[in-house]
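Have the sequence and the model open beside you, and try each task before reading on.

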Amino acid sequence: MTPTREGPALMSWASQLEESTLAQARQTAAMPFIHPHVALMPDAHSGKGSAVGTVIPTRGAVMPAAVGVDIGCGMIAARTEFTQDDIDARIAATGTGLAALREAVEDAIPLSPGNYNRGTGDWDFTARRIEELEALAATGDVDLTHSPKWRRQLGSLGGGNHFIELCLDETDRVWLFLHSGSRGVGNKIAQHHIRVAQRMCVGVDLPNRDLAYLTEGTAEFDRYLTDLHWAQRFAYLNRAEMMDRFGVVFARWMGVSDHRETERTNCHHNYTRQETHGGEQVWLTRKGAVDAHAGVRAVIPGSMGTHSYVVEGLGNADGLCSAPHGAGRRFSRTEAKRRFTQDDLRARMVGIEYRDSAEFIDEIPDAYKEIDVVMDDARDLVRIVHELRQILNVKGT
């Protein structure tokens with residue numbers, strides 16, 4: 001869609017936009033270090049401090065709460081050589097349906113907040129990732145004393161809107177697909193630096209205390225960026241770890257030695273890094289948005305029971321080379337549970353293997369914006385490469 005100018009430093013691609021979300025975006029865009037403007041993505045909705053679905057370029061400062069508490073949250077998708085016919089043949093030959101695969105995935109990957117691995121040696125690819133993170137922490141002197149169990153968090157999903165799915169694309173090719181972030185350790189890192197920023201901004205006239213910032217050139221800024229980089233890497237490797245486990249479990253269920261992966265896309269949608277926009281180098285925070293530089297692959301999920309998309313960026317400069325990160329919520333979790341029932345969820349999940357539980361009512365697709373509208377709004381930000389529909393869903397509570 002053609003973006004709308006919602007203020008002197010705010011451009012919006014959202015046709016489904018609540019006034020509360022727009023008000024938050026305007027507050028963010030009014031901060032004195034914004035350059036050249038804030039970009040509001042098609043899936044934008046209210047968040048902590050700044051709206052989810054906001055792309056925020058800043059000169060000389062970063063706002064930790066704008067990055068969010070799930071540092072590095074994002075998506076990973078892997079295409080395989082298998083097809084729906086292969087899955088159907090396996091079910092027919094063994095009499096073992098997708099429920100058995102779902103249960104095997106649930107056994108291999110800890111789900112829900114607070115659930116971690118029992119140890120760190122169950123998989124032969126885990127140790128090298130832990131070693132990388134240990135070395136990165138040592139190099140940057142990252143303080144992880146607040147999270148002594150961080151190693152056991154690697155390869156765990158979490159809850160909320162995080163998920164693991166088996167999907168089919170437009171050619172009925174099988175994809176492995178999941179959404180997660182930096183788990184408890186990333187949350188602890190974020191909360192610490194949000195408090196530091198708020199202390200540093202005592203006496204500063206802020207429209208919202210969650211827009212507190214750290215100024216480049218200070219020790220506090222440098223410490224945040226070091227810790228942020230570590231948490232972003234943890235999130236990236238956490239997704240890769242779960243994807244590798246998913247691949248092993250899927251191959252075993254298929255009765256083969258390898259899941260025959262042909263391509264993989266692993267992307268953040270909650271993070272900060274330096275980029276050039278408006279002719280200057282800025283700190284670009286994507287809070288609920290993906291990198292959409294020209295030719296860059298990303299993944300945009302729908303919701304539980306709706307389609308998702310593998311996309312390629314178009315490098316839209318006005319959009320700060322960014323795109324939406326998903327469907328975006330229409331209703332809060334409390335409101336969704338008030339409006340919908342477990343039977344409503346069952347009706348929306350017909351044909352999809354999932355754990356039938358009232359715990360997931362707040363994740364019903366009706367609680368989210370329509371993903372097809374979001375993708376239409378994003379048509380000048382990305383092009384669709386693959387459209388995925390899930391046949392199996394795994395979630396934590």
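Predicted model: local features only at pLDDT ≥ 70, side-chain atom pairs only at ≥ 80, totals over all residues.

**Exercise 1. Surface and overall form**

Solution. Residues are numbered from 1 along each chain as its sequence is written, and side-chain values use heavy atoms, with hydrogens and water left out.

Step 1: the protein chain exposes about 15400 Å², by the Shrake-Rupley method with a 1.4 Å probe, where for residues only the protein chains shown count as cover. Carbon and sulfur atoms supply 47% of that area.

Step 2: turn to the extent of the chain. Its C-alpha trace spans about 70 × 45 × 40 Å along the principal axes.

Step 3: compare with the globule rule (2.2 Å times the number of residues to the power 0.38, with the radius of gyration taken over C-alpha atoms). Because a compact globule of 397 residues would have a radius of gyration near 21 Å, the 21 Å of the protein chain agrees with the rule.

**Exercise 2. Elements, contacts and cores**

Describe what the chain is built from and how its interior is organised.

Solution. Step 1: count the elements. The protein chain has 11 helices and 17 strands; these are DSSP runs (H or I of at least four residues for helices, E of at least two for strands), numbered from the N terminus.

Step 1: look at the contacts (heavy atoms within 4.5 Å). Of those with a separation of 6 or more, 77% join residues 24 or more positions apart.

Step 2: Buried residues (under 20% relative accessible area; exposed is over 50% and partly exposed in between, with a 1.4 Å probe and protein chains only) make up 58% of the 397 residues.

Step 3: find the nonpolar cores, meaning sets of buried Ala, Val, Leu, Ile, Met, Phe, Trp, Tyr and Cys residues joined through side-chain atoms within 4.5 Å. The largest has 46 residues, and F177 and V382 have the most contacts inside it. A second, separate core of 45 residues includes I34, V62, L133 and W150.

**Exercise 3. Backbone details in loops**

Solution. Step 1: P36 is in the loop between α1 (19–29) and β3 (38–45). The peptide bond from H35 to P36 is cis, with omega near -5 degrees.

Step 1: S112, in the loop between α4 (98–108) and α5 (126–140), is not a glycine, but its phi is positive, near 80 degrees. With a relative accessible area of 12%, S112 is buried.

Step 2: R260 also has a positive phi without being a glycine, at about 55 degrees. R260 is found in the loop between α8 (219–254) and β10 (261–268) and is partly exposed, with a relative accessible area of 35%.
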